[in-house]
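The stops below say what to pick and what to look for.

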Amino acid sequence: MRVEDPRRYLLELAPLAGEEARGEYVASRLPGARRDGLGNVWAGEGKVLLLAHLDTVLPPKPPRRVGERLYAPGVGDNTSGVAVLLSLPELPGVVRGFTVGEEGLGNLKGARALVEALSPEVVVAVDGYLPGVVDRALGSVRLRVRLQGPGGHAWGDRRLPHPVFALAEGLCRVRALVEGREDASVNASGLEGGQAVNALPQEAACLLEVRALEEAALAALLQGVEAAFAEAARAHRVGLALEVLGRRPAGRTATPRLLQAAERALAEVGERPQWLPGSTDASAAVERGIPALGFGVYRGGGAHTPEEWVLPNSLLEGQRALLALLRGLGVG
């Protein structure tokens, strides 16, 4: 069984921007690679499906080395996961899949398509820090919020409805819904509204994400979000439109055997698992009732920031642990 050095793949992959370029790179180095119309790449046959997502949150840049660390946007999440998975040899009973659409508004489209097409018995998302193991899918709903008003002159029409202030009030109300809670969160980004400092905006908008550990809590939080914006819109006499852009499930399907295999695999690199809730490609299997978890394979920090970093040598530990996990599952 011949394994490759994941550090070489890491250095070559890190500067590549975009799912298409990364997919082409992986396909050119993956014996028997197949691709679908979405951009997924996979190879192998078997009941265990390993998934690493090709996309990154921020556009990648050539990495820079500072001491033992390698810095670049996306160098960890999930360039390192892709590098480790690509470095594995062809293994009986194992499919290596490289997916699109895990980050941002991708809505797990790549993982969902592969899980549906391949019907695996076990799914492992190769994603995250050592010794993290995502044994519980974190549910989320992503929305676009729009508030509309008539617009006008900043002075002459100053008493007309103002969608930006309505948006601000709605966001404050939504933030209050999760204050002090450990089981839920909200995030707002992509705020926009107006074109001139002396003109009333006709529209204000943002992207909003709500997350929760349980489906019931997620549904209740979403209802609270809708009510909060409806109240703000009424108070400011503006129109409101909420558009759902994506959903991810909450729940867990990891079996005792799968959890034990993860624990023993990490013991081979001197670690104990850090059990975590999270949103990974494994969620695409969780919603279908297929045993699944996420398995971290590198050490680093700063994910989703321009200063993301990894320890390249840690990918060798991740490779060892991932191979041990497969042995524990009776494949490879």
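Start at P131. This residue lies in the loop between strand 7 (122-126) and strand 8. Strands here are DSSP runs of E with at least two residues, helices are runs of H or I with at least four, and both are numbered from the N terminus. A cis peptide bond joins L130 and P131, with omega at about -5°.

A word on the ground rules: this is a predicted model, where local features need pLDDT of at least 70, side-chain atom pairs count only at pLDDT 80 or more, and totals for chains, interfaces and linings use all residues. Residues are numbered from 1 along each chain as its sequence is written, and side-chain values use heavy atoms, with hydrogens and water left out.

Select D77 and N78. A cis peptide bond joins them too, with omega about 0°. N78 sits in the loop between strand 5 (69-71) and helix 3 (79-87).

Go on to L108. Its phi is near 60°, a positive value in a residue other than glycine. Look for L108 in the loop between strand 6 (94-99) and helix 4 (109-118). Most residues other than glycine have a negative phi, and most peptide bonds are trans.

Eight of them form an open sheet in the order 1-2-6-3-7-16-8-15, with mixed pairing. Two strands count as paired if DSSP finds at least two bridges between them. Strand 1 (34-35) and strand 15 (274-278) are the edges, each pairing on one side only.

Zoom in on strand 8 and strand 15. They pair in the parallel sense over five bridges. Pick G132, and opposite it in strand 15 you find Q274.

Next, select helix 9 (residues 314-328). Helix 9 packs on this sheet, touching strand 3 (48-53), strand 6, strand 7 and strand 16 (292-295). Contact means heavy atoms within 4.5 Å. The direction of helix 9 makes about 160° with that of strand 16. Axes are lines fitted to C-alpha atoms, for helices over the stretch in contact, and angles run from 0 to 180 degrees between N-to-C directions.

Move to the open sheet with the order 11-13-9-14, where the pairing is antiparallel. Its edge strands are strand 11 (184-193) and strand 14 (239-248). The twist averages 20° from one strand to the next.

Select residues 139-148 and 203-212. These are strand 9 and strand 13, which run antiparallel and are joined by ten bridges.

Helix 5 lies across strand 9, strand 11 and strand 13, and runs at about 10° to strand 13.

**Where the domains meet**

Color the chain by domain. Domain 1 covers 4-136 + 249-327, and domain 2 covers 143-246. These bounds come from an automatic or database domain assignment. The C-alpha centres of the two domains lie 34 Å apart.

How many residues of domain 1 are in contact with domain 2? Eight are, and they meet seven residues of domain 2. The area buried between the domains is about 630 Å², of which carbon and sulfur atoms give 56%. Buried area is the accessible area (1.4 Å probe) that two parts lose on being put together, summed over both. Highlight L105, R136 and A250: in domain 1 they lose the most area to domain 2, together 67% of what that side buries.

Finish on R136 and E214. Their side chains meet in a salt bridge, 2.2 Å from N to O. A salt bridge here is a side-chain nitrogen of Lys or Arg within 4 Å of a carboxyl oxygen of Asp or Glu. The count between domain 1 and domain 2 is one salt bridge.
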